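Have a look at the model first, then read on.

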Amino acid sequence: LNALPLPGVSSGDWGRNGPTHLRLRDAKPMGAVESLLRRVIREALSKEGVAESSASLQRLALKLSMSAPQVASCLNGMRTEAYVADAAAVLQEPPLSEAQVVRAMRAVRSASEELGCETRGLW
């Protein structure tokens, strides 16, 4: 999800030129794109009967990436105790089914295309 090429956002050299990538975590105030992605993922999973309505964006993103059958490992930053707690909580939950992952990723794809993402080579 962090590598989505949204207009005005790059996912290149992390932190070298300031925060130019999407930060998939809850914040106050929360950016419009991040808020949209959280809502899209929550809605997609609620259609599958997954009770993730209160999950933070960082937990949703981590659980979604860890549940994807094509993903062998998932890297995340754990600079604070809260990040470690999020990762530990996600690891203790059962993974999403492949159908749930597909539904959520399709919803993210659709929202990304509406936002003007460059989709060539991604899907």
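## After the helix

Helices here are DSSP runs of H or I with at least four residues, numbered from the N terminus.

This is a predicted model, where local features need pLDDT of at least 70, side-chain atom pairs count only at pLDDT 80 or more, and totals for chains, interfaces and linings use all residues. Residues are numbered from 1 along each chain as its sequence is written, and side-chain values use heavy atoms, with hydrogens and water left out.

Gln 100, Val 101, Ala 104, Val 108, Ala 111 and Ser 112 of H4 are buried (under 20% relative accessible area, with a 1.4 Å probe and protein chains only). Looking down the axis of H4, these buried residues fall within an arc of 100 degrees, so they line one face of the helix; the arc is taken from the directions from the helix axis to the C-beta atoms.

Over on the other side, Glu 98, Arg 106 and Glu 114 are exposed (over 50%). The cover on the buried residues of H4 includes helix H1 (32-47) and helix H2 (57-67).

## How H1 meets H4

H1 and H4 pack at about 145 degrees, their axes 9 Å apart; axes are lines fitted to C-alpha atoms over the stretch in contact, and angles run from 0 to 180 degrees between N-to-C directions. Contact means heavy atoms within 4.5 Å. Among the residues making this contact are Leu 36 and Val 40 of H1 and Ala 104 and Val 108 of H4.

Definitions and conventions: Helices (H or I, at least four residues) and strands (E, at least two) are DSSP runs, numbered from the N terminus.
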